[in-house]
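Trainee: I am new to this one. Please show me the structure, and then I will ask about it.

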Amino acid sequence: MKEQQAPDCSCYVKEGPFVGTSKNVDFIRYADVLLFKAEALIQLDRWDEALPIINQIRTRAAASTQRPMDAGATDIYNVGTYNAFPSKEFALKALKFERRLEFGMEGPRFFDLVRWGEAAEVLNAYLTIEKTKRDFLTNAQFTAGRDEYYPIPQREIDFTGGLYVQNPGY
């Protein structure tokens with residue numbers, strides 16, 4: 001619903017006969033930039049500098065009144081700030097959790113998992129559970145080293161005279 005615009009708005013763009021959307025689409029949110037910086041600082045063993053950045057995002061999320069949680073959910077999701085990061089591992093775990101919360105349903109989780117080298121473990125654990133619920137996932141499996149990338153279309157390989165080489169596993 002966040003992309004729905006009134007047809008008389010100057011930001012409205014018609015895409016085909018049925019779809020209309022906003023011209024203004026966020027590619028990178030400010031929170032993403034902040035968390036990129038925090039991740040870089042943690043990887044550089046400067047997690048004490050990443051702490052206020054992550055706390056800044058948590059403070060903004062806690063103060064959000066855009067869509068209040070249902071009654072009772074506030075005791076489950078306590079959005080407080082961190083006092084300190086005792087180790088790099090703790091800081092990285094906090095950052096990963098924050099990215100998962102901040103960008104839920106927005107799409108970057110897969111790319112985070114690939115960047116952290118956790119895609120196969122996390123996605124296959126998810127698929128193991130989902131296979132018991134959905135028959136069409138019976139043969140589903142994430143293959144590390146292949147499924148991080150799409151195959152290059154053969155016509156593109158042919159067009160470049162073999163300059164492009166197919167991604168592994170395809």
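Trainee: Among contacts in the chain between residues at least 6 apart in sequence, what share joins residues at least 24 apart?

Mentor: First, the ground rules. This is a predicted model, where local features need pLDDT of at least 70, side-chain atom pairs count only at pLDDT 80 or more, and totals for chains, interfaces and linings use all residues. Residues are numbered from 1 along each chain as its sequence is written, and side-chain values use heavy atoms, with hydrogens and water left out. Contact means heavy atoms within 4.5 Å, and among contacts between residues at least 6 apart in sequence, the share joining residues at least 24 apart is 36%.

Trainee: What percentage of the 170 residues counts as buried?

Mentor: Buried means under 20% relative accessible area, exposed over 50%, and partly exposed in between (1.4 Å probe, protein chains only). By that rule, the buried share of the 170 residues is 25%.

Trainee: Are H1 and H2 roughly parallel or roughly antiparallel?

Mentor: Axes are lines fitted to C-alpha atoms, for helices over the stretch in contact, and angles run from 0 to 180 degrees between N-to-C directions. H1 (residues 30-43) and H2 (residues 47-62) pack at about 160 degrees, with axes 8 Å apart. Under 35 degrees counts as roughly parallel, over 145 as roughly antiparallel, 65 to 115 as roughly perpendicular and the rest as oblique. So H1 and H2 are roughly antiparallel.

Trainee: How do the residues of the contact of H1 with H2 divide by class?

Mentor: Residues including Leu34 and Leu41 in H1 meet residues including Ile53 and Ile57 in H2. Ala, Val, Leu, Ile, Met, Phe, Trp, Tyr, Cys and Pro count as nonpolar, Asp, Glu, Lys and Arg as charged, and the others, Gly among them, as polar. The contact divides into two charged, one polar and 12 nonpolar.

Trainee: How many charged residues has the contact of H1 with H3?

Mentor: H1 and H3 pack at about 165 degrees, with axes 10 Å apart, and are therefore roughly antiparallel. Asp32 and Glu39 of H1 are among the residues in contact, as are Lys88 and Arg99 of H3. By class, there are eight nonpolar residues, one polar, and the charged ones number six.

Trainee: Is Tyr164 buried or partly exposed?

Mentor: Tyr164 lies in the segment after helix H6 (154-159). Not counting residues up to four places away in sequence, Tyr164 touches Ile152, Glu156 and Ile157. Its relative accessibility is 42%, so Tyr164 counts as partly exposed.

Trainee: What relative accessibility has Glu156?

Mentor: Glu156 is found in H6. Glu156 counts as partly exposed because its relative accessibility is 30%.

How values were computed: Helices (H or I, at least four residues) and strands (E, at least two) are DSSP runs, numbered from the N terminus.
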